[in-house]
Amino acid sequence: EAARAKHEAALRPQMGRPDAAAEREALVAAEKARCSEVKAAVRAVRSALIDGQLNHAASFVSALRDQTSAVLRIVDTLVLSDDLGYLPGDEMIEKKRKSLKRLKKAQRRASAEAANKDVEEGGEDG
């Protein structure tokens, strides 16, 4: 950056004259050399960055492979209900839960039956 600022400062309107052509050409050559150095530095940094990213990606893949293998070994050792045989009492499986609508309907029926039973019992006494 300092070399570029130096080259820009060296540019003067007098360099446009034909007798300053040698000085102008020397400045252009120096700027081309600086530009080539900067491009080479950019390529080197880019190459180093890509190499670093590839190394990180390789280590990530390795860690992922190891962790996945460990998880699969753990999952493989889990005991599932299908792995177990049937035991006495397995037949007594819980009934499916009823919805709120069906529960309310059953409650109404039960209370209606209880009311009918009370009426019938009251009618027999009198």
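Arg-102 counts as exposed because its relative accessibility is 59%; exposed means over 50% relative accessible area, buried under 20%, and partly exposed in between (1.4 Å probe, protein chains only). Arg-102 is found in helix 3, residues 100–125. The model is predicted, so that local features need pLDDT of at least 70 and side-chain atom pairs count only at pLDDT 80 or more, while totals for chains, interfaces and linings use all residues. Residues are numbered from 1 along each chain as its sequence is written, and side-chain values use heavy atoms, with hydrogens and water left out.

**Overall architecture**

The chain holds three helices and zero strands, in the order α-α-α from the N terminus. Helices (H or I, at least four residues) and strands (E, at least two) are DSSP runs, numbered from the N terminus. Of the 126 residues, 4% count as buried. The chain exposes about 11,800 Å², of which carbon and sulfur atoms supply 59%; accessible areas come from the Shrake-Rupley method with a 1.4 Å probe, and for residues only the protein chains shown count as cover.

**Surface patches**

Patches are made of residues with over 30% relative accessible area and no salt bridge, like charges being joined within 9 Å and nonpolar side chains (Val, Leu, Ile, Met, Phe, Trp, Tyr) within 5 Å. Arg-102 belongs to a patch of positive charge that also includes Lys-95, Lys-96, Lys-98, Lys-101, Lys-104, Lys-105, Arg-108 and Arg-109. Lys and Arg count as positive and Asp and Glu as negative, whereas His and the chain ends are not counted. The place of a charge is taken as NZ of Lys, CZ of Arg, CG of Asp or CD of Glu.

A nonpolar surface patch is formed by Phe-60, Val-61 and Leu-64, with about 300 Å² of accessible area together. Leu-64 lies in helix 2, residues 21–77, and counts as partly exposed because its relative accessibility is 42%.

**Salt bridges**

Side chains of opposite charge can pair when their charged atoms come close. A salt bridge is a side-chain nitrogen of Lys or Arg within 4 Å of a carboxyl oxygen of Asp or Glu. The whole structure contains two salt bridges.

| Salt bridge | N to O distance |
|---|---|
| Arg-34 and Glu-31 | 2.5 Å |
| Arg-65 and Asp-66 | 4.0 Å |

Arg-34 and Glu-31 both lie in helix 2, three residues apart, about one turn of the helix. Arg-34 counts as buried at 16% relative accessibility, whereas Glu-31 is partly exposed at 25%. In the other pair, Arg-65 is exposed, with a relative accessible area of 52%, and Asp-66 is partly exposed at 45% relative accessibility.
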